[in-house]
Amino acid sequence: MEGVHGRSDKLQGAGAANPRSRLRVWFIRACSSIVLWTCLFQLVTVSELWRSHFFLGISSRIHHTIQSPLQTNNELVQPPPAFLPPRNYTSNGFLRVSCNGGLNQMRAAICDMVAISRLLNLTLVVPELDKKSFWADPSNFEEIFDVRHFIDSLRDEVRIVKRVPKRFSEKIGQTTLKMPPVSWSNEKYYLEQILPLFDKHKVVHFNKTDARLANNGLPLDLQKLRCRVNFQALKFTPELENLGQKLIRILSKNGPFVALHLRYEMDMLAFSGCTLGCTNEEAEELKRMRYAFPSWREKEIVSEERRSQGLCPLTPEEAALVLQALGFARETPIYIAAGEIYGGERRLAQLRAAFPRIVRKETLLANDELLQFRNHSSQMAALDFIVSVASNTFVPTYYGNMAKLVEGHRRFSGFKKSILLDRKKLVELLDMHQNGTFSWNEFANAVRKVHERKMGQPTRRRVEADKPKEEDYFYANPYECLCEVSKCDDLLGALNSSHIQ
């Protein structure tokens, strides 16, 4: 019994000691955990700061040194962008927009809609693209532009969402006001006429967006925001960018190349009524198309009158003569930045005879590379846009939306040479040469003389009071974003050369 009681006393003593021992172990573990977590937190914080400053600094220096994206397996690898924090503001409502027109008309409109959203403190819904126009391209915004980059890169100015929240949906009784804003409107119109509409309608839907913001007379910060959207926020998808860069690499292997925006396409000819060089059957086909589109207001057009006014795109044959007169050598590589040329190879014969090294994206790329972009005219136009901006010389045969947007991008890229053809004067010179009044040398000298000051040099926009359609387009020459206004004129002497290549 004594042995049993002895063992019992020892067990009781051990039991009394165990709680103190366990408490001491627990305390040590708790303290150790706190120290470890504190160290870990400090380490993560320091590493994040070090990584952001060190690596972003390095990537920034590399980017500025090579001035082009890194490439891996022929694909672009962009350095990660450093986006600014979101702007904190109380939104006055949601702005939905349905863009109309082709790729470049919609691009300019998107820039305008961002600027309007910023002015009115609105939340912009990712724009809807035109699917009902002549081109009938079913592409959505995210199939052409990098939507995530668009949203994030502008978050310090405007809140952009992919869709209107359900609580503002028409399905639950909310009303959306659909309307087209007045064309070429200024800041006052949007503040006084549009902003009050959001008091009653939390969602306003602009169903027309082309040229709805003035070229001139806007605050400088608004003009610069339009540029920021155009030159930085609206990036094409990686798939389009990669394929466009591949085209540029192929073309650049053969030295300097010309991008010829040969706007001799069916829709342009039908819209403008220009039929020089067309057969009677082709002229009738174009007329039928013009009548088939109610939005094309002019129906009865005299082609000769339109051409004499300089309102027709140059024909491929005229383009060949003009390029030769401007001094381009026969061996010059020429990339045709356009869709299908009306009349096909028959109409390209003279141009190809003058410049045998004519190429198109369809001849430079394999069929499978273009397969996903075919039947998507805006995506195909995006490839032409990328090549045109990068070309050594850009020559548009019609001064439409693509010509203007490319011109603006090339100015932004250092006033790269863009030969802006004076079609009205060229028609006179072409006719004088072809009827024997001008010899070839006289014609060539005259063509060069006319275009000495039409090569994308720095200049201010021409302003026409109360005639916005007749003045210079903002996106063709956004000089507020290119240099200090007082210094733009200083560049004229250095860049105002008539040297072509």
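Guide: Happy to. This is a predicted model. The crossing of helix 2 and helix 5 is right-handed.

Visitor: Which residues make the contact between helix 2 and helix 5?

Guide: Helix 2 brings Ile116, Leu119 and Leu120, while helix 5 contributes Glu187, Tyr190, Leu191 and Ile194. Of these contact residues, six are nonpolar, none is polar and one is charged.

Visitor: And at what angle do the axes of helix 2 and helix 5 cross?

Guide: Roughly 60°, with the axes coming within 10 Å. The two helices are therefore oblique to each other.

Visitor: On to the cysteines. How many disulfides does a search of the whole structure find?

Guide: It finds two. In one of them, Cys227 and Cys481 have their sulfur atoms 2.0 Å apart. Cys227 lies in helix 7 and Cys481 in the loop between helix 19 and helix 20, 254 residues apart.

Visitor: Is the disulfide of Cys227 and Cys481 left-handed or right-handed?

Guide: Right-handed, because the torsion about its S-S bond is about 80°.

Visitor: What about Cys274 and Cys312?

Guide: They form a disulfide with sulfur atoms 1.9 Å apart. Its S-S torsion is about -90°, so this disulfide is left-handed. The pair is 38 residues apart and links distant parts of the chain. Cys274 counts as buried at 4% relative accessibility, and Cys312 does at 8%.

Technical notes:
Residues are numbered from 1 along each chain as its sequence is written. This is a predicted model: local features need pLDDT of at least 70, side-chain atom pairs count only at pLDDT 80 or more; totals for chains, interfaces and linings use all residues. Side-chain values use heavy atoms; hydrogens and water are left out. Axes are lines fitted to C-alpha atoms, for helices over the stretch in contact, and angles run from 0 to 180 degrees between N-to-C directions. Helices (H or I, at least four residues) and strands (E, at least two) are DSSP runs, numbered from the N terminus. Angles under 35 degrees count as roughly parallel, over 145 as roughly antiparallel, 65 to 115 as roughly perpendicular and the rest as oblique. A crossing is left-handed if the near helix is turned anticlockwise from the far one by less than a right angle, and right-handed if clockwise. Contact means heavy atoms within 4.5 Å. Ala, Val, Leu, Ile, Met, Phe, Trp, Tyr, Cys and Pro count as nonpolar, Asp, Glu, Lys and Arg as charged, and the others, Gly among them, as polar. A disulfide is a pair of cysteine sulfur atoms within 2.5 Å. Buried means under 20% relative accessible area, exposed over 50%, partly exposed in between (1.4 Å probe, protein chains only).
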